[in-house]
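Work through the exercises below with the sequence and the structure side by side. Each task is followed by a solution that goes step by step.

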Amino acid sequence: MSAPELDLPHQLGRGLLSTMRSLLVLGQLMTESTGEQQILDLTVTAVPSLARCQVIGIQRVGGATGSPELEAQLGLVGVTGGRIELPDAAWSWAYPLGGLAGHFGHLVVAADVEPTTEEQFLLRALAQQSGAALSNQHLHAQERTTAAELSAVNERLRGTVGALQRSMEIHGRLTAVAVSGEGRDGIARAVHELTGLPVAIEDRYGNLGAWAGPNRPDPYPKDSPSRREQLLRSASRSIRPIRDGGRLLALAHPQGDILGVIVLVDPAGIAGEHELMALEHGATILAMELARVRSLAESELRIRRDLVDELLAGADEESTLTRAIALGYDLQRPHRVLVIEGHGRAKDNDAFFQAVRHAAREEPAGTLLVARGPQVVLLADCEADWESLRNAILRELGGGRARIGVGERCDRLADFPRSYRQARLAMRLLAAAEWDDRVVRFDDLGVYRLLIGNEDLGEVERFVQRWIGSLLAYDQQRGADLVRTLSHYLDRGGSYEATAAALIVHRNTLKYRLQRIRQITGLDLADPEICFNLALATRAWHTLSALRG
Amino acid sequence: MTTPATTSGFVAMGLPGVTARRCDHICAFYRGPDQRDAVLLPFLREGILAGDKCICVMDDPDTDRVIGPLSDTLDIELSMRNGQLDLLGSDTAYLPNGYFAVDEMLEFWERGVGDAVQQAGFGFVRAVGEMTWALRDLPGVQHLVTYEARLNRFLPRYPQVILCLYDLERFTDGQVLIELLRTHPKVLLSGQLLDNPWYTEPSEYLSDLT
């Protein structure tokens with residue numbers, strides 16, 4: 001069924017003109033409306049003013065009408081609209097609500113009597129206006145959505161750019177610190193300036209290395225070692241800085257090795273993303289700085305080690321001197337070579353080396369030293385009190401053992417290998433003679449020194465065999481300990497008491513052993529001349545043992 | 001040059017090509033504060049320049065900020081001191097006791113407009129009301145359209161124009177909009193002042209209501 005036709009020029013009367021103006025006002029109001037419901041309300045409310053009919057409803061596309069028959073009819077009339085059949089209504093019509101943005105549904109009206117042509121024209125015009133307003137609304141909504149999306153994207157972009165700018169500012173500031181060589185103090189100062197919060201830089205043990213900002217604690221609080229380790233483990237597992245009470249911590253740990261910790265003091269918890277970012281950048285720059293410092297220290301240590309090795313092995317004087325001068329070291333001062341052995345409560349060569357290094361620096365006794373297995377070789381550049389040095393090492397170790405062999409003075413570079421040999425010999429004699437831990441100066445070795453200096457060791461060997469050869473053979477065959485017993489006995493001036501204590505044997509055992517010695521050698525231990533030769537022979541035996549290494 | 005409404009019978013609204021008549025009761029539809037100010041400020045500016053009494057009732061709590069731009073070209077302080085411009089909040093004018101009463105409101109205008117004309121000697125009065133207060137959940141606000149209808153009887157009593165500001169972003173109920181259309185003889189919409197064909201005389205409208 002087609003829409004009623006309207007012959008406007010003939011029918012445009014005064015009343016219709018007024019009504020059309022009403023439609024115009026309504027249309028404008030719909031255009032200005034802010035929501036679809038407002039438009040639909042206006043449409044529905046206006047219908048009775050335009051035509052003698054009632055509104056059945058506005059059926060949105062896809063919306064349920066509650067009446068399958070009505071839905072089917074609306075589907076048939078489609079976007080053009082048209083007459084439909086409703087129960088109890090002589091006349092009913094579906095006016096399409098459509099516009100540029102599509103078809104939104106139908107305005108369904110009904111009347112007991114078919115409305116006039118003018119009225120139907122007005123109803124159609126109202127539906128068209130509603131459709132146009134809905135279409136406008138739809139397009140505006142789309143535009144608003146697009147604008148909102150664009151705005152959100154812009155906002156995110158602004159946020160990203162802002163974060164990047166802040167990041168660049170932080171990075172730039174800290175990089176400048178790194179390049180300027182201001183070290184840990186500079187890094188702490190920069191992070192403090194960037195965050196406004198106090199900043200501490202600690203070593204891995206919790207000792208304060210640098211502070212920037214107000215209220216520096218004095219003394220600086222330090223966690224127990226176990227809590228510190230626990231904290232560092234937690235921080236290592238976290239990608240971002242971690243909070244520990246009123247502090248935010250970030251680790252400087254290139255390649256997993258914790259070199260230091262940078263701390264933002266934030267008891268009020270005001271640090272935000274910007275502050276965290278500054279802390280993280282600070283940790284990165286601190287890691288670089290600490291790695292650089294450590295690398296320098298390692299290089300210097302390596303160069304020093306090489307220098308010591310060359311000196312001990314007999315170096316080319318000119319190149320060695322040049323190297324020493326480059327290190328800021330005066331090799332042309334008199335030196336002595338010291339060989340030092342020992343350990344703390346635990347046998348840790350590295351800890352022992354560090355203890356010797358600290359003690360030698362504090363004493364002072366010298367700064368050139370190398371580790372050689374369990375021993376540390378120190379080139380002492382002054383005549384220190386060696387016993388005091390030994391005690392200082394024990395203090396550094398917190399107990400344990402320490403003994404030192406001291407070589408003769410080196411006045412020239414060529415003397416270093418000799419002084420080194422002497423120090424090692426002194427150390428071996430100390431072991432061979434079973435002396436207590438002590439300092440043994442080669443200069444003070446007395447008869448040992450004479451024996452070592454003897455060029456013909458065969459004569460020394462024959463002397464040993466002449467006096468204690470039978471005892472050595474007996475010990476070897478029987479697994480006995482007679483030479484050692486004799487040596488201790490003679491060293492202690494024939495004291496049974498002291499000898500038994502040193503050998504940790506019973507007095508009767510000692511007496512038995514001495515009787516065996518008398519029987520095997522046929523010598524009288526009460527004869528001073530014999531005792532002297534036996535003492536010399538045992539020392540010569542120690543010397544030979546030491547020389548044979 | 002602004003021509004006084006007292007002599008010409010025409011009232012410049014301050015908008016290009018928009019002129020009201022004496023005793024017009026205008027419903028201005030707008031969307032949001034910017035569009036409101038685009039109607040309100042020129043209306044007041046024209047009134048002050050013409051020497052009219054201006055009574056402005058705002059629901060926006062920051063009235064000073066709203067009318068602030070007028071100070072660019074006018075001495076607003078002076079206008080307020082000499083009684084040409086009254087700035088009032090909706091709580092003071094429409095809801096003085098925490099509720100809305102039609103009779104009390106009409107008395108308010110009677111006093112305000114009557115005194116301005118009869119005692120202060122103003123030749124013309126411009127009254128403007130921002131109507132969003134009527135959306136509050138307060139006693140009496142349901143009588144808004146009755147008030148608007150009865151206001152039409154008050155208009156001819158004095159040389160005046162009353163401009164009612166309705167924000168379409170706040171007044172979203174289409175049925176209410178139709179009622180507002182029926183109670184205002186003039187509609188200001190999209191920069192056009194229209195004779196409102198929906199307008200219904202108060203006697204007819206009020207009898208329909210009852």
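**Exercise 1: a helix of chain B**

In this predicted model, helix α6 of chain B covers residues 102-119, and its 18 residues reach 24 Å from the first C-alpha to the last, which is close to the 26 Å expected at 1.5 Å a residue. Find which residues of α6(B) are buried, and what they pack against.

Solution. Begin with the burial along the helix: Met105(B), Trp109(B), Gly112(B), Val113(B) and Ala116(B) are buried in α6(B). Next, look at what surrounds the buried residues of α6(B), which pack against the strands β4 (53-58), β6 (125-130) and β7 (160-167) and against the helix α7 (144-154), elements of chain B. Finally, go past the helix to Gly121(B), which follows α6(B) and has a positive phi, near 80°.

**Exercise 2: the cores**

Find the residues with the most contacts inside the largest nonpolar core, and follow the contacts of Leu163(B).

Solution. The largest nonpolar core has 89 residues, and those with the most contacts inside it are Ala28(B), Leu163(B), Cys164(B), Leu165(B) and Tyr166(B). Helix α5 (residues 117-180) of chain A gives the most to this core, with seven residues. Now take Leu163(B): leaving aside neighbours within four places in sequence, Leu163(B) is in contact with Ile26(B), Ala28(B), Phe43(B) and Val128(B). A second, separate core has 66 residues, including Val376(A) and Ile393(A).

**Exercise 3: where the chains meet**

How many residues of chain A are in contact with chain B, and which element gives the most to that side?

Solution. On chain A, 18 residues are in contact with 18 residues of chain B. For the side of chain A that touches chain B, α3(A) gives the most, with eight residues. That side divides into six nonpolar, nine polar and three charged residues.

Conventions. Residues numbered from 1 in each chain as written. Chains lettered and ligands numbered in written order. Predicted model: local features only at pLDDT ≥ 70, side-chain atom pairs only at ≥ 80, totals over all residues. Core = buried A, V, L, I, M, F, W, Y, C linked by C-beta atoms within 7 Å. Buried ≥ 20, exposed ≤ 12 C-beta atoms within 10 Å, placed from the backbone. Helix = DSSP H or I, 4+ residues; strand = E, 2+ residues; numbered from the N terminus. Contact = placed C-beta atoms within 7 Å. Expected span 1.5 Å × (residues − 1). Nonpolar A, V, L, I, M, F, W, Y, C, P; charged D, E, K, R; others polar.
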